[in-house]
Amino acid sequence: MNFQSDPPASWTPPKIDDVMAQMTVNEGDTVELPCVASSNPLPKYRWSLSGKELVIDSVSRIQRAGNLVIVDAKVTDSGLYMCNASNSHGAATATTLLTVQCKCYSFLQLKQCLSKIGRRGGGGA
């Protein structure tokens with residue numbers, strides 16, 4: 001019997017297909033920075049923040065495929081993130097500028113919030 005099979009896929013360096021140039025989130029949010037690359041063989045991913053390699057601790061910083069997930073974002077998480085996707089045939093990088101905004105309330109918003117809490121808790125049966 002003669003079985004024909006497709007030729008092996010060609011080896012290719014990584015090409016980043018999905019990235020966001022800028023993201024803005026609120027303090028306390030969970031944010032996912034995308035970095036999806038196509039290549040053969042599959043790439044390995046590394047992330048850095050402002051030039052320093054990130055430690056992926058699987059608690060506050062989680063890697064999901066190539067994406068970086070930051071749990072309970074803090075203002076100090078703001079900065080320029082770089083994703084590096086590499087395999088034995090090359091590498092590709094992409095950057096995302098993340099801004100984490102602090103939770104600040106104006107005096108009027110605080111007054112309205114306190115008013116709602118007072119009305120909710122002050123009613124009798």
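Residues are numbered from 1 along each chain as its sequence is written, and side-chain values rest on heavy atoms, with hydrogens and water left out. Because the model is predicted, local features were required to have pLDDT of at least 70 and side-chain atom pairs were counted only at pLDDT 80 or more, whereas totals for chains, interfaces and linings use all residues.

The chain contains one helix and 10 strands, where helices (H or I, at least four residues) and strands (E, at least two) are DSSP runs numbered from the N terminus. Along the sequence these elements follow the pattern β-β-β-β-β-β-β-β-β-β-α. Of the 125 residues in the chain, 29% are buried; here buried denotes under 20% relative accessible area, exposed over 50%, and partly exposed the range in between, computed with a 1.4 Å probe on protein chains only. Among contacts (heavy atoms within 4.5 Å) between residues at least 6 apart in sequence, 60% join residues at least 24 apart.

Strands of a sheet pair through backbone hydrogen bonds, in either a parallel or an antiparallel manner. In the present analysis two strands are taken to pair if DSSP finds at least two bridges between them. Strands E3, E8 and E7 form an open sheet in the order E3-E8-E7, with antiparallel pairing. E3 and E7 stand at the edges of this sheet, each with a single partner strand, so one side of each is left without a neighbour in the sheet. The twist from one strand to the next averages 25 degrees, the axes being lines fitted to C-alpha atoms (for helices over the stretch in contact) and the angles running from 0 to 180 degrees between N-to-C directions. E3 and E8 are joined by three bridges and run antiparallel, with Glu-32 standing opposite Val-69 in E8. A parallel arrangement is found for E2 and strand E10 (residues 90-101), which are joined by five bridges; in this pair, Gln-22 stands opposite Leu-97 in E10. Strand E2 (residues 22-26) has a covered face formed by Met-23 and Val-25, while Gln-22, Thr-24 and Asn-26 make up its uncovered face.

When residues up to four places away in sequence are not counted, Leu-33 touches Met-23, Trp-47, Asn-67, Leu-68, Ile-70, Tyr-81, Thr-96 and Leu-98.

A search of the whole structure finds one disulfide, the term denoting a pair of cysteine sulfur atoms within 2.5 Å. This bond joins Cys-35 to Cys-83, with an S to S distance of 1.9 Å, and the link is left-handed, with -75 degrees about the S-S bond. The pair connects distant parts of the chain, Cys-35 lying in the loop between E3 and E4 and Cys-83 in strand E9, 48 residues apart. Both Cys-35 and Cys-83 are buried, whereas Cys-102 is partly exposed, with a relative accessible area of 44%.

Most residues other than glycine have a negative phi, and most peptide bonds are trans. Asn-40 and Pro-41 are joined by a cis peptide bond, with omega about 5 degrees, and Pro-41 is found in the loop between strand E4 (36-40) and strand E5 (44-49). Ser-58, a residue other than glycine, has a positive phi near 60 degrees; Ser-58 is placed in the loop between strand E6 (52-53) and strand E7 (61-64) and is exposed, with a relative accessible area of 57%. Ala-65 likewise has a positive phi, near 55 degrees, and is found in the loop between E7 and strand E8 (67-70), where Ala-65 counts as exposed at 67% relative accessibility.

Gln-63, in strand E7, counts as partly exposed at 28% relative accessibility. Leaving aside neighbours within four places in sequence, Gln-63 is in contact with Tyr-45, Trp-47 and Ile-56. The C-alpha atoms of Gln-63 and Trp-47 are separated by 9.2 Å, the two residues being 16 residues apart along the chain. The side chain of Gln-63 also reaches the backbone oxygen of Ala-65 at 3.3 Å, a polar contact being a pair of N or O atoms within 3.5 Å of which, within protein, one must be able to donate a hydrogen and the other to accept it, while residues adjacent in sequence count only if both atoms are side-chain atoms.
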